[in-house]
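Me: I would like to learn how to read a few side-chain features from coordinates, with the cut-offs stated as we go.

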Amino acid sequence: MASKTHILQIFSLVFIFLPLTNSIHFKFPAIFNFGDSNSDTGELVAAGIESLEPPHGQSYFQTPSGRYCDGRLIIDFLMDAMDLPFLNAYLDSIGTPSFRKGCNFAAAGSTIQPPTAESVSPFSFGNQVAQFVRFKARVLELLAKGKKFGKYLPTADYFQKGLYMFDIGQNDLAGAFYSKTFDQILALIPSALTEFETGIKTLYDQGARNFWIHNTGPLGCLAQNVAKFGTDPSSLDELGCVSKHNQAAKVFNLQLHALCKKLQGQYTDSNFTYVNIYTIKSNLIANYSKVGFEQPIMACCGYGGPPLNYDNRIGCGKTKVLNGTSVTAKACNDSSEYVNWDGIHYSEASNLYVSSQILTGKYSDPPFSDKMPFLLNLKF
């Protein structure tokens, strides 16, 4: 197994040797991000809804950073690749946050559909879009008052020139499996995507023109779902993932892809890039040992030990009394050996791998392999 340092060097070389043709055309001045825990950089924690304890953040920030990870997320690596600072969460008001280069509205647990009483997060996609509308209005209001706020806020033209990123839908599917049949879940997808389309149209009306949309990953390969829905071996595929969850994700992704094509045809003055996260993550899980990982599904930080090291009664870093004994969900010795961090979210090492694959341009529609769009000033 390759050492952690060796793995990072390999992935960094992937970034370095990508062609830079026409890269200046993709030099976005700001990023506005919408999504769930896959790209939440502190929103749900800042809202006071949840708290994160060590070992979250241990691999990079050395302390919990509001991210459901041992370190950086995919969006952090993409920001680095574009030579932009990490995004501040919209609700994180402590420490004089700067929104000069954009803002992150993503919140863990969020869904595309409006939240219900059982939802982890009240910040559904529609609510995140509403937050953006208020954010933009407030920014323009403050900029009109003078220059003293300029170093903290995006300029007015950034709202049209910026890149709007999306990674949401996973929780709509995953949550539905607890109360609905497979056919009922599939029947919900069109209404979820109608809600997503409404949000995109609102952002377009607000001036957005550059859209970067991630599809959802292989939900059935998360230890949380394997533990709950994979107890019957016949429900698992050849990789040990829950088949129905992955089938639902594929159906969702097909319809999301079709929607992106529809929107591109409708808004000809805009750019829609659909990114196939599902294929990248599936390839990683199928070929984990070839790229230096040792565990494709088992959680690094959890409780219960092999084969999943996941117990839904206790989250990573938490201490609880289970069966009369006080236990703590602790981290493994080396998170870079694990694809999965806590049974639900990916480790920093796998996020780096996924980012390196995104930036080849091969997994996007339209592809950009021949004109790698990012100026790469690596900080990995």
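Me: Which ring does the charged end of Arg209 sit over?

Reply: A charge sits over a ring if NZ of Lys or CZ of Arg is within 6 Å of the ring centre and within 35 degrees of the ring normal. Here the charged end of Arg209 sits over the ring of Tyr204, 3.7 Å from its centre, and that of Lys281 sits over the ring of Tyr346, at 4.1 Å from the centre. This is a predicted model, in which local features need pLDDT of at least 70 and side-chain atom pairs count only at pLDDT 80 or more, while totals for chains, interfaces and linings use all residues. Residues are numbered from 1 along each chain as its sequence is written, and side-chain values use heavy atoms, with hydrogens and water left out.

Me: How many aromatic pairs does a search of the whole structure find?

Reply: Rings of Phe, Tyr and Trp (its six-membered ring) pair if their centres lie within 6.5 Å, and planes under 30 degrees apart count as stacked, over 60 as edge-to-face and the rest as tilted. The search finds 28 such pairs; among them, Tyr90 and Phe135 are edge-to-face because their planes stand at 75°, with ring centres 6.3 Å apart.

Me: Are Tyr90 and Phe135 buried or exposed?

Reply: Buried means under 20% relative accessible area, exposed over 50%, and partly exposed in between (1.4 Å probe, protein chains only). Tyr90 is buried at 19%, and Phe135 is buried at 6%.
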